[in-house]
Amino acid sequence: MQDFLEFKGEVKKQLEKRRWKYRDLAKAIGVSESTIRSVMCGARGSDEVIKAMTEALNIPPHIGT
C-alpha cells in the first residue's frame, strides 16, 4: 500500500509541475483518460501502462513497482 501511495503522490506532483491533467498524460502515453483514473484510484494497471506513466513523467522506475 505504501508503494502505491508513493507512486500516486509522485504522479500528482509531476502532473502539477507540468500543469497536466489526466487527459494530457493519457494522450502522451496513448491510453484513455479512464485508464489513468483507474490506476490512480488503486485499480492495478498493466505493467506497461505504469511503466509508460513513469517514463512520461520522469519518475524513477522503482517508484512505479
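1. Across the whole structure, a search finds three salt bridges, a salt bridge being a side-chain nitrogen of Lys or Arg within 4 Å of a carboxyl oxygen of Asp or Glu. The model is predicted, so local features need pLDDT of at least 70 and side-chain atom pairs count only at pLDDT 80 or more, while totals for chains, interfaces and linings use all residues. Residues are numbered from 1 along each chain as its sequence is written, and side-chain values use heavy atoms, with hydrogens and water left out.

2. Lys13 is exposed at a relative accessible area of 52%, whereas Glu10 is buried at 16%. Here buried means under 20% relative accessible area, exposed over 50%, and partly exposed in between, for a 1.4 Å probe and protein chains only.

3. The salt bridge of Lys51 with Glu55 has its closest N and O atoms 3.4 Å apart. The two residues are four apart in helix H4, and are therefore separated by about one helical turn. Glu55 counts as partly exposed, its relative accessibility being 49%. An α-helix has 3.6 residues a turn, so residues three or four places apart point the same way.

4. How do the axes of H3 and H4 cross? The axes of H3 (residues 33-40) and H4 (residues 47-56) come within 11 Å and cross at roughly 95 degrees, which means that H3 is roughly perpendicular to H4. Axes are lines fitted to C-alpha atoms, for helices over the stretch in contact, with angles from 0 to 180 degrees between N-to-C directions; angles under 35 degrees count as roughly parallel, over 145 as roughly antiparallel, 65 to 115 as roughly perpendicular and the rest as oblique. Thr35, Ile36, Val39 and Met40 of H3 make the contact with Val49, Ile50 and Met53 of H4, contact meaning heavy atoms within 4.5 Å.

5. The largest nonpolar core has 17 residues, and those with the most contacts inside it are Phe7, Val11, Leu25, Ile29, Ile36 and Met53. Such a core is a set of buried Ala, Val, Leu, Ile, Met, Phe, Trp, Tyr and Cys residues joined through side-chain atoms within 4.5 Å. At least two residues of this core come from each of H1 (2-18), H2 (22-29), H3 and H4. Leaving aside residues up to four places away in sequence, Leu25 touches Val11, Leu15, Trp20, Ile36, Met53, Ala56 and Leu57.

6. Within H4, the buried residues are Val49, Ile50, Ala52, Met53 and Thr54; their cover includes H1, H2 and H3. Asn58, which follows H4, has a positive phi, near 55 degrees.

7. Gly30 sits in the loop between H2 and H3 and counts as exposed at 63% relative accessibility. Its C-alpha atom is separated by 24 Å from that of Leu5, 25 residues apart along the chain.
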